[in-house]
Amino acid sequence: MMKTAVELDYTLHHLCIYDDKPRDNMFPYLRWHHGITNYFSGAVFHVTGEGHSDYTFLGCGGRAYQIQIEAPPFQFEYERNWWRDHGHGYNHICWLTSDARASMDQLLANGATEVMPFEEFPTYDGFVVHDPEGRWIEIMEYTDETFRVQEFTHAPSGECGLEVVGNAEVCQDLDAMVRWYQQIMDMRVLEEFRDGDQGMVVMVDKDYDPVERRSLFILQSARHDFEKEHMAKHGPYISSIIYQAKDVMRAWEDALWAGMEALQEPAIDPLTSLLTAHLREPCGGNGIMLTEHYAPAVTQAEAA
């Protein structure tokens with residue numbers, strides 16, 4: 001009998017960036033209050049008959065959600081094909097599950113399409129699928145008793161109190177995708193912001209905690225010109241890494257000093273009423289959303 005989304009125990013884990021110069025392009029992140037949680041050399045880790053990749057995991061302030069920078073030659077042909085067609089970019093979002101084999105059956109039966117078949121690796125089982133609009137989803141189940149990507153202890157970083165808290169995706173059909181992630185991956189709607197044809201839906205997994213684990217998964221319409229332009233060229237896509245800061249203006253200044261590129265200066269977002277800025281990160285001009293501290297259901301003081 002097929003397992004349900006609740007039984008599969010999905011939790012958000014990381015956003016993967018494809019980049020061919022990770023040692024150069026990670027330095028702006030490190031200058032912007034990040035730390036390396038793990039580095040896995042392609043020479044010794046995840047070597048397959050087809051190839052290998054170098055993985056660097058970065059964290060900032062929060063406990064659970066991380067960035068993974070993955071570099072060529074890549075392990076599999078489907079990854080090399082994506083790199084050929086798209087180059088630098090946000091490639092996939094990864095969720096952890098309690099049963100990867102059952103998860104693949106469940107997702108394929110509910111509108112996902114296969115990218116990478118289910119495979120058993122030395123330390124985890126996993127696979128990759130497209131969601132119904134074509135964005136990549138990786139699913140991992142840890143199978144080794146000790147192997148884990150290290151997490152940071154929750155401690156907002158730098159004088160600005162910076163934390164990476166999740167990612168945002170631009171959707172073709174926002175309402176349909178919200179329903180899909182609710183029903184098929186057990187994501188919950190934390191808050192919705194609507195104004196005419198513009199919308200932003202903040203979703204969380206079952207482990208969300210407004211103080212210790214603020215991992216967010218935002219689905220939204222293409223609201224800004226740079227989002228609409230990218231959407232017109234590439235279709236629905238992973239649009240940004242989400243950061244929050246106790247001092248947005250200081251975090252903005254620190255980001256520019258570190259090497260991030262200004263895209264939209266801090267201003268009150270008319271949809272969310274949050275002080276929000278947008279930047280481009282160094283691995284290929286991908287988006288960064290920077291907002292003031294956001295944690296519904298608790299006060300600023302309680303979440304500090």
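Q: What order do the strands take in the open sheet of 8 strands?
A: The order is β10-β11-β12-β9-β13-β16-β15-β14, and the pairing is mixed. Keep in mind that this is a predicted model: local features need pLDDT of at least 70, side-chain atom pairs count only at pLDDT 80 or more, and totals for chains, interfaces and linings use all residues. Residues are numbered from 1 along each chain as its sequence is written, and side-chain values use heavy atoms, with hydrogens and water left out.

Q: Okay, and what do strand and pairing mean here?
A: Strands (E, at least two residues) and helices (H or I, at least four) are DSSP runs, numbered from the N terminus. Two strands pair if DSSP finds at least two bridges between them.

Q: Which strands stand at the edges?
A: β10 (188-195) and β14 (261-268) do. Each has a single partner strand, so one side of each is left without a neighbour in the sheet. From one strand to the next, the twist averages 20°; for angles, axes are lines fitted to C-alpha atoms, for helices over the stretch in contact, and the values run from 0 to 180 degrees between N-to-C directions.

Q: In which sense do β15 and β16 pair?
A: Antiparallel: β15 (residues 275-280) and β16 (residues 287-292) share 5 bridges. T276 stands opposite T291 in β16.

Q: Where do the helices come in?
A: Helix α7 (residues 225-234) packs on the sheet and touches β9, β12, β13 (237-245), β14 and β15. Contact means heavy atoms within 4.5 Å. The direction of α7 makes about 155° with that of β13. Helix α6 (residues 174-185) lies across β9 (162-170), β10, β11 (198-204) and β12 (216-220), running at about 10° to β11.

Q: Switching topic: how many residues are in the largest nonpolar core?
A: 58. A nonpolar core is a set of buried Ala, Val, Leu, Ile, Met, Phe, Trp, Tyr and Cys residues joined through side-chain atoms within 4.5 Å. Buried means under 20% relative accessible area, exposed over 50%, and partly exposed in between (1.4 Å probe, protein chains only). Y29, W95, L107, Y181, M185, Y243 and L290 touch the most other members.

Q: Which element gives the largest share of that core?
A: That's α6, with 7 residues. Apart from this core lies another one of 22 residues, among them Y55, F57, F76 and V115.

Q: And what is W95 in contact with?
A: Leaving aside neighbours within four places in sequence, the contacts of W95 include Y10, L12, I137, Y181, M185 and F217.

Q: What about charges? How many salt bridges are there?
A: The count comes to 18. A salt bridge is a side-chain nitrogen of Lys or Arg within 4 Å of a carboxyl oxygen of Asp or Glu.

Q: What does the pair E159 and R250 tie together?
A: E159 lies in the loop between β8 (136-142) and β9, and R250 in helix α8 (residues 248-258), so their bridge ties together parts that are 91 residues apart in sequence. The N to O distance is 3.0 Å. E159 is exposed, at 68% relative accessible area, while R250 is partly exposed, at 28%.

Q: Now D269, is that buried or exposed?
A: Buried, with a relative accessible area of 7%. D269 forms a salt bridge with R223, with the closest N and O atoms 2.8 Å apart. R223 counts as buried too, at 9% relative accessibility.
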